[in-house]
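Here is a friendly walk through a two-chain model, one topic at a time. Keep the structure open beside you as you read.

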Amino acid sequence: MTKKQKRSVFMASLFGLTVVAIGLVLTALNQSISYFYTPSELNKLTQSPDNIIRLGGLVVTGSVTKASARDATIRFAIADKLAETRIEFEGILPDLFREGQGVIVQGRLSDNGIVIATEVLAKHDETYMPREVADALKKQGRWQEGSEPE
Amino acid sequence: MYAFANPMKFAALARRIAPWGYGLAALLLVSGLYFGLVKSPADYQQGDTVRIMYVHVPAAWLALMCYSSMAIASIAGFVFKHPLADMAAKATAPIGAVFTALALVTGSLWGKPMWGTWWAWDARMTSVLVLLFMYLGYMSIWRAIPDQARAAKLAAIMAIVGFVNIPIIKFSVDWWNSLHQPASILRADGPSIDPSMLLPLGLMGLGYTVLYVALLLTCLRTEILERQYNRLGASKASNAGSSLVERGA
């Protein structure tokens with residue numbers, strides 16, 4: 001083997017080993033790398049989590065109860081395609097928060113299955129377009145809001 | 001590939017090309033900013049905040065592109081011993097680090113109004129932060145080892161091994177649930193960005209790329225001249241030393 005071949009074999013095998021090692025680590029950590037659970041993933045957990053969790057899903061249309069003068073709590077539900085979880089939150093919602101929008105809440109799961117959130121983050125999808133185009137699409141009935149998360 | 005392997009010839013060429021590069025980059029960036037900040041429409045969802053995209057997204061592209069070029073140059077240097085490759089990799093690192101930092105800062109400024117947070121430890125953001133640290137680590141290898149030939153070898157190994165992070169950054173938004181949205185441009189069913197917004201984004205992306213090439217030429221030329229200077233300085237010093245020895249004898 002020439003020196004050049006030796007060097008390429010050395011580099012290729014070092015890189016290959018790193019890929020395998022990193023791949024194994026990432027697979028093992030798969031659950032903790034994900035930034036949030038979805039409601040159906042939460043339902044699948046055998047032991048209900050008693051620490052702080054993050055839950056992501058679409059705000060269910062018609063589920064939002066705004067804060068009033070007597071009660072500062074905002075109540076809503078988020079859902080994926082299979083399940084729904086109710087959320088209670090006291091605080092300021094991000095501008096993008098609205099029905100049908102993807103959001104991520106952080107908080108604790110109470111005994112009655114409601115997540116008491118301490119933080120609400122809004123997700124937005126990867127489509128960008130002017131308002132007129134969005135309106136036109138809605139008019140033509142070709143509008144698909146919130147295709148994520150599954 | 002070996003046509004400009006002669007460093008001094010390359011330095012002379014770089015000197016002639018670089019100013020044109022800066023001019024072209026300025027033209028592209030100014031027109032990109034004009035279309036991005038003035039001419040393009042506000043987003044249906046994000047309003048005017050979407051304009052941060054024209055600065056943020058190309059910076060993130062270049063962060064990945066610079067690292068990829070660094071890894072390719074490192075292979076050319078380590079395996080094929082191309083005389084300019086190690087220098088090109090070394091010169092790319094600080095430029096890539098700046099683009100990475102720019103992507104992180106503008107992303108943070110975009111995240112606060114839209115998502116509601118400056119920072120989240122989701123897979124995309126964390127892997128880009130790791131990329132910044134890898135650039136800094138790569139640069140510190142060059143600085144920590146005085147013998148440049150040895151530094152080049154170790155730095156090349158680091159750059160190539162670290163390339164694992166690039167696909168992780170790219171696909172982090174598909175592999176794991178993340179706060180960051182998936183790709184808008186490089187996706188199977190075509191870009192999901194309106195053409196009126198795609199134009200300034202393209203101009204900015206091109207402008208950043210040309211700016212990178214021009215900066216790289218300048219940095220490479222500086223590196224070549226610095227090495228030449230050191231070599232001449234060293235030989236002068238040793239000449240002086242030997243003449244002293246002769247006089248002493």
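## Helix 4 of chain B

Let's start with helix 4 of chain B, residues 123–144: its 22 residues reach 31 Å from the first C-alpha to the last, close to the 32 Å expected at 1.5 Å a residue. The expected span is 1.5 Å times one less than the number of residues. Helices here are DSSP runs of H or I with at least four residues, strands are runs of E with at least two, and both are numbered from the N terminus.

Which residues of this helix are buried? They are B:Ala123, B:Arg124, B:Met125, B:Ser127, B:Val128, B:Leu131, B:Met134, B:Tyr135, B:Tyr138 and B:Ile141. A residue counts as buried if 20 or more other C-beta atoms lie within 10 Å of its own, as exposed if 12 or fewer do, and as partly exposed in between, with C-beta atoms placed from the backbone. The buried residues of helix 4 of chain B pack against helix 2 (30–33) of chain A, and also against helix 2 (53–78), helix 3 (85–114), helix 5 (148–162) and helix 6 (165–175) of chain B.

## The model and its confidence

This is a predicted model, in which local features need pLDDT of at least 70 and side-chain atom pairs count only at pLDDT 80 or more, while totals for chains, interfaces and linings use all residues. Residues are numbered from 1 along each chain as its sequence is written, and chains are lettered from A and ligands numbered from 1 in the order in which they are written.

The model scores ipTM 0.81 and pTM 0.87. Chain B averages a pLDDT (the predictor's confidence in each residue, from 0 to 100) of 89, and 93% of its residues score at least 70. Within chain B, confidence is highest in helix 2, at a mean of 96, and lowest in helix 7 (residues 195–248), at 83.

Chain B has 7 helices and 0 strands. Its C-alpha atoms fill a box of roughly 85 × 35 × 30 Å along the principal axes, and buried residues make up 41% of its 249 residues. Helix 2 of chain B is largely enclosed by the rest of the structure, because 20 of its 26 residues are buried.

The largest nonpolar core has 96 residues, and those with the most contacts inside it are A:Val105, B:Ala63, B:Ala88 and B:Leu220. Helix 2 of chain B supplies the largest share of this core, 16 residues. Such a core is a set of buried Ala, Val, Leu, Ile, Met, Phe, Trp, Tyr and Cys residues joined through C-beta atoms within 7 Å. Leaving aside neighbours within four places in sequence, B:Leu220 is in contact with B:Ala14, B:Met87, B:Ala88 and B:Ala91; contact means C-beta atoms, placed from the backbone, within 7 Å.

## Chain A and the interface

Chain A has 4 helices and 5 strands, in the order α-α-α-β-β-β-β-β-α from the N terminus on. Its C-alpha atoms fill a box of roughly 80 × 45 × 25 Å along the principal axes, and buried residues make up 25% of its 150 residues.

How many residues of chain A are in contact with chain B? There are 33, in contact with 36 residues of chain B. Helix 1 (3–28), strand 5 (115–122) and helix 4 (131–140) of chain A each supply at least two residues of the side that touches chain B, and helix 1 of chain A gives the most, with 9 residues.

Technical notes
Two residues are in contact if their C-beta atoms, placed from the backbone, lie within 7 Å.
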